[in-house]
Amino acid sequence: MQPRNMSMSGVVDLAAVKAAGEAKQKAEQARAEAARQGGAPAGAVRLVLDVDEASFEHEVLQRSAEVPVVIDFWADWCEPCKQLGPVLERLAGEYAGRFVLAKVDVEANQRLFQQFGVQSIPAVFAVVAGQALPLFQGAAPEAQIRQVLDQLVQVAEQQFGIVGAPVAPGAGEAEVPARPAGPYDAALGAAHDALDKGDLGGAVQAYKNVLSDDPLNVEAKLGLAQAELLQRVQGMDPQQVRKAAADAPGDVRAQVAAADLDLVGGHVEDAFGRLIDVIRRTAGEDRDAARVRLLELFEVIGPDDPRVAAARTALSRALF
């Protein structure tokens, strides 16, 4: 089954390094803090969520950029739902942060019920990086559910680079508290200034310095991706690069270089499409090189951009 694009976010401009979503930033900062303290504290992650139409954007779509979100459509009158729900909740605890479970009462949330095209309940979907994927309907056996969840976790990691946030089983239900401004504001400011001034080497090093201490810092990751892209195209002869790509469609290096130029020039879909075509035609190291560069360009644009969501779907089809 092919995923459907459920992203409701707007376009992220190439130069907007600071445009990371607040929810994702807070979550990743909390994880980094937990890592520095020796692990995730109890209550740091909610593994089971009650979601309605008002909270869907934040609790499901935005959260799906960090961790796969499994949606359980249920109703109080549905007897199979009462069998399936506790199993999913227990598995959410056992999987310890590799996915979170969002429970949607269809009686109170008819619009979500209709938007997902649910025919009967219980119905279970997943959302990964803003993409909705149908999983199964009915009270399936636990062994089958585990197989589906294992596949979901694998797809999220391999195709979307999303690995969740491992926590101790049974983590509490409290929300992650808002964290005060971190200790990297000055370093990030210096990195942004270097980028604005065209000191790409200085910007790259400054962002790497932040990430060496705080590997999950969203702003630094986005800034580094942009600075490295601009560094790669610096000194390129655009006409020569594009001619080389046109003359040698099978030359992966030429296509990767042209994709970089496409993105810098604002031709986002062209850059993504070029690399997906390479991935579709190649195998082995060539395919992996194109895939890695495509994921790097996703970082530049940002996970909430609808063009990234569409390209991730196309990448999935090219790979499988």
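Let me begin with conventions. Residues are numbered from 1 along each chain as its sequence is written, and side-chain values use heavy atoms, leaving out hydrogens and water. Because the model is predicted, local features need pLDDT of at least 70 and side-chain atom pairs count only at pLDDT 80 or more, whereas totals for chains, interfaces and linings use all residues.

Confidence comes next. By pLDDT, the predictor's confidence in each residue from 0 to 100, the chain has a mean of 79, and 79% of its residues reach 70 or more.

I turn now to the backbone. Most residues other than glycine have a negative phi, and most peptide bonds are trans. Here, Ile121 and Pro122 are joined by a cis peptide bond, with omega about 0 degrees. Pro122 sits in the loop between α4 (110-115) and β5 (123-128); helices (H or I, at least four residues) and strands (E, at least two) are DSSP runs, numbered from the N terminus.

Ala129 is buried, at a relative accessible area of 10%, where buried means under 20%, exposed over 50% and partly exposed in between (1.4 Å probe, protein chains only).

Ala96, not a glycine, has a positive phi of about 50 degrees. Ala96 belongs to the loop between α3 (79-95) and β4 (100-105) and is buried, with a relative accessible area of 11%.
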